[in-house]
Amino acid sequence: MAGAVTLAIVARVATLVDDWGRDWTNNHAEWEESAKDPAMRPLELSQPVSQVRQRIEEWLDEESAWQLESVEEGADSQLMHLTRRTAIMRFVDDIHVRLTEVTNADGSVITRVDAESQSRVGKGDLGQNPRNLKHFREAFEGMD
């Protein structure tokens with residue numbers, strides 16, 4: 001019985017690892033312009049910062065594992081500190097989101113969304129931080 005449980009745990013972990021070279025040695029992920037995966041690139045939304053922030057807060061209300069810890073407001077940007085707690089081991093990941101107001105050449109205002117996720121514990125994250133950011137991206141479905 002113990003062998004079957006151990007095998008099931010190992011099989012589950014193996015299915016979580018997307019990038020064997022990265023996921024065992026890295027506990028940080030961020031959206032980057034040069035990312036191969038489009039889901040790991042920053043967003044540009046046609047709504048003002050206030051509407052984007054409101055949508056994030058509404059999304060957080062629906063996500064029991066996620067919490068809004070703080071918001072720092074600047075002249076043209078806002079920095080949101082979110083956390084996500086894993087279901088079984090209750091590990092906490094810190095997610096930092098920067099909302100920046102950008103004025104295009106034509107005078108239109110957009111919001112650029114940058115995000116990064118960092119595990120508080122461990123050397124590797126088994127791909128959890130990239131999954132956090134991909135899941136967070138769901139907050140923006142239907143926007144733009």
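**Group meeting: a walk through one predicted model**

Let me begin with Ser117, which lies in strand β6, residues 109-119; strands are DSSP runs of type E with at least two residues, helices are runs of H or I with at least four, and both are numbered from the N terminus. This is a predicted model, in which local features need pLDDT of at least 70 and side-chain atom pairs count only at pLDDT 80 or more, while totals for chains, interfaces and linings use all residues. Residues are numbered from 1 along each chain as its sequence is written, and side-chain values use heavy atoms, with hydrogens and water left out.

Is Ser117 buried or exposed? Ser117 counts as buried because its relative accessibility is 0%; buried means under 20% relative accessible area, exposed over 50%, and partly exposed in between, with a 1.4 Å probe and protein chains only. Its side chain makes a polar contact with the side chain of Asn132, at 3.0 Å. A polar contact here is a pair of N or O atoms within 3.5 Å; within protein, one must be able to donate a hydrogen and the other to accept it, and residues adjacent in sequence count only if both atoms are side-chain atoms. Leaving aside residues up to four places away in sequence, Ser117 touches several others, among them Asn27, His28, Asp93, Asn132 and Leu133; contact means heavy atoms within 4.5 Å.

I turn now to the chain as a whole. The protein chain has 4 helices and 6 strands, and from the N terminus on they run α-α-β-β-α-β-β-β-β-α. Of its 144 residues, 38% count as buried.

In soluble globular proteins, nonpolar side chains tend to be buried together. Not counting residues up to four places away in sequence, Trp31 touches residues including Pro42, Leu43, Val113, Leu133, Phe136 and Phe140.

Finally, where is Met89 found? Met89 is in the loop between β4 (77-85) and β5 (92-103). Met89 is exposed, because its relative accessible area is 56%.
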